[in-house]
Amino acid sequence: MDSLTVLRHALGEGRLMFRDRAALQAHAERLAARHLRWVVAHSPCTAERFRQAGLSLNEWRHLPVTTKADMMAHFDTLNTAGVRLEDVLRVARHAEDSRDFTPTLPGRRGEVTVGLSTGTSGHQGAFIVSRAERVHWAGVVLRHLLPSWPRGLLARHRVAFLLRAEGHLYRSVGGRRLDFHFLDLLRPLGELAADLTAYQPTVLVGPPSVLRALLDAGATAQPERVVSVAEVLEDDDREALARGFGPVVQVYQATEGLLGLPCPHGELHLNEAHVHFDLEPLGNGHLRPVVTDLRRRVQPIIRHRLDDLLVLGEGCPCGLASRRVLRVAGRQDDALDLPGGTGRVTLWPDFLRGALTRVPGLREYRVEQVGPGELHLRLDPLSVEIQAGAGREVRLALERGGVDPEAVRLTCLPLAPPPAGVKRRRVTRLWKSAS
């Protein structure tokens with residue numbers, strides 16, 4: 001039964017929460033050696049990458065990186081289930097339109113679940129996951145997310161998911177002690193708030209912008225744990241959700257896998273027992289991850305560069321050897337490209353998010369770079385006082401970041417509500433340089 005396998009994985013996860021860095025790295029080396037032998041034997045695209053690079057399997061860290069665009073371009077020869085991208089897209093898009101997420105596709109070793117990413121990086125990604133991978137992933141997540149482990153495993157839990165797409169992950173895991181309730185983000189906000197209040201979850205999972213909107217819509221619940229997913233969790237969101245619902249933790253995940261999980265102290269750690277991370281420095285403490293999933297076989301992720309920006313911290317009171325993430329700071333594509341004193345300057349989203357949190361009365365905002373030296377500040381509410389405060393704080397942030405504030409034009413505009421199910425991006429670069 002899937003539920004027993006999930007429990008076995010959840011219990012086994014305790015042995016993989018290493019406190020010694022060398023032991024964690026040795027574990028990852030063993031996983032990588034076994035995993036890569038299997039993947040190269042079953043994924044023609046991965047085998048060709050090694051052949052073209054002239055590398056042996058134990059030199060995998062030197063493979064040229066791939067991107068989401070590469071993954072989609074070579075999808076049919078990358079995956080080991082023998083499924084075609086056109087079929088995956090057909091089934092996944094039908095599920096999105098019909099809101100019926102039960103259909104699967106037949107693969108070489110059984111049915112595979114299909115889905116689509118939200119496409120916030122500019123490339124919408126398709127993903128496929130086997131039943132064994134789903135069940136293993138569910139066990140890992142439950143081990144890290146259920147409150148008061150291991151007592152939490154024996155308690156009865158009601159888990160509410162506010163997500164754009166449901167998927168199969170927990171469909172076979174529920175039972176007498178675990179009940180899962182999917183709240184579709186495409187439903188009207190008032191209905192979602194009433195449904196959440198009636199359900200009274202013990203664990204609440206969703207994007208922080210949606211959870212805050214539910215608070216504003218009158219939802220009342222007192223979960224033991226709130227889990228932020230799908231968007232950057234900013235300090236103002238964390239504080240508001242903690243006041244309105246309860247203690248907040250974060251999960252870092254993407255089409256490319258389960259990348260970060262909370263520790264017993266609620267801090268976010270890289271999921272290094274299952275995923276290898278190479279981190280490329282981009283300046284100002286920001287790092288871009290290149291990930292290798294050491295367990296994912298159906299859709300191998302080997303030396304795959306993400307567009308995310310991470311800021312890591314030193315150590316953690318929990319004592320875990322996996323590295324602590326201070327912030328998932330956004331996407332590299334969201335870094336602004338603005339005129340400075342001696343040329344163009346990169347301004348990271350953190351500068352502007354930090355500045356706008358200082359504006360009294362500002363409920364929500366979005367900063368858009370729409371030209372080489374032009375920013376739109378979309379503000380809610382759009383009062384004279386807030387426009388003045390936002391303009392002042394943004395110009396100070398530009399100056400601190402090395403941008404020439406006199407060379408940047410600011411325009412304040414009203415902020416329209418985002419379409420249902422669309423991931424929030426508070427700072428984004430819509431203008432692209434021709435170079």
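**Figure 1. Contacts of Ala 28 in the predicted model.** Leaving aside residues up to four places away in sequence, Ala 28 touches Glu 272 and Leu 294. Ala 28 belongs to helix H2, which covers residues 21–42. The C-alpha atoms of Ala 28 and His 276 are separated by 7.2 Å, although the two residues are 248 residues apart along the chain. Ala 28 has a relative accessibility of 15% and therefore counts as buried, the cut-off being under 20%.

**Figure 2. The largest cavity and its lining.** The count of cavities of 30 Å³ or more comes to three. In the largest cavity lies about 150 Å³ of space. Its lining consists of 16 residues; those nearest the centre of the cavity are Leu 16, His 144, Leu 270, Leu 320 and Ser 322. Strand S10 (257–262) and strand S11 (268–270) each contribute at least two residues to this lining. By residue class, the lining of the largest cavity holds 10 nonpolar, four polar and two charged residues.

**Figure 3. The second largest cavity and its lining.** The volume of the second largest cavity is about 70 Å³. Of the 10 residues that line the second largest cavity, Leu 142, Leu 145, Val 159, Phe 161 and Val 203 lie nearest its centre. At least two lining residues each come from helix H7 (131–145), strand S4 (157–163) and strand S6 (203–206). H7 gives the largest share, three residues. The lining of the second largest cavity is made up of 10 nonpolar residues, with no polar and no charged ones.

Definitions and conventions:
Residues are numbered from 1 along each chain as its sequence is written. This is a predicted model: local features need pLDDT of at least 70, side-chain atom pairs count only at pLDDT 80 or more; totals for chains, interfaces and linings use all residues. Side-chain values use heavy atoms; hydrogens and water are left out. Helices (H or I, at least four residues) and strands (E, at least two) are DSSP runs, numbered from the N terminus. Buried means under 20% relative accessible area, exposed over 50%, partly exposed in between (1.4 Å probe, protein chains only). Contact means heavy atoms within 4.5 Å. On a 1 Å grid over the protein atoms alone, a cavity is a set of points where a 1.4 Å probe fits but cannot get out, and a pocket is an open set with protein on both sides within 12 Å along at least five of seven lines; lining residues have an atom within 4 Å of a point. Grid points are joined across faces, edges and corners, and a volume is the space filled by probe spheres set on the points. Ala, Val, Leu, Ile, Met, Phe, Trp, Tyr, Cys and Pro count as nonpolar, Asp, Glu, Lys and Arg as charged, and the others, Gly among them, as polar.
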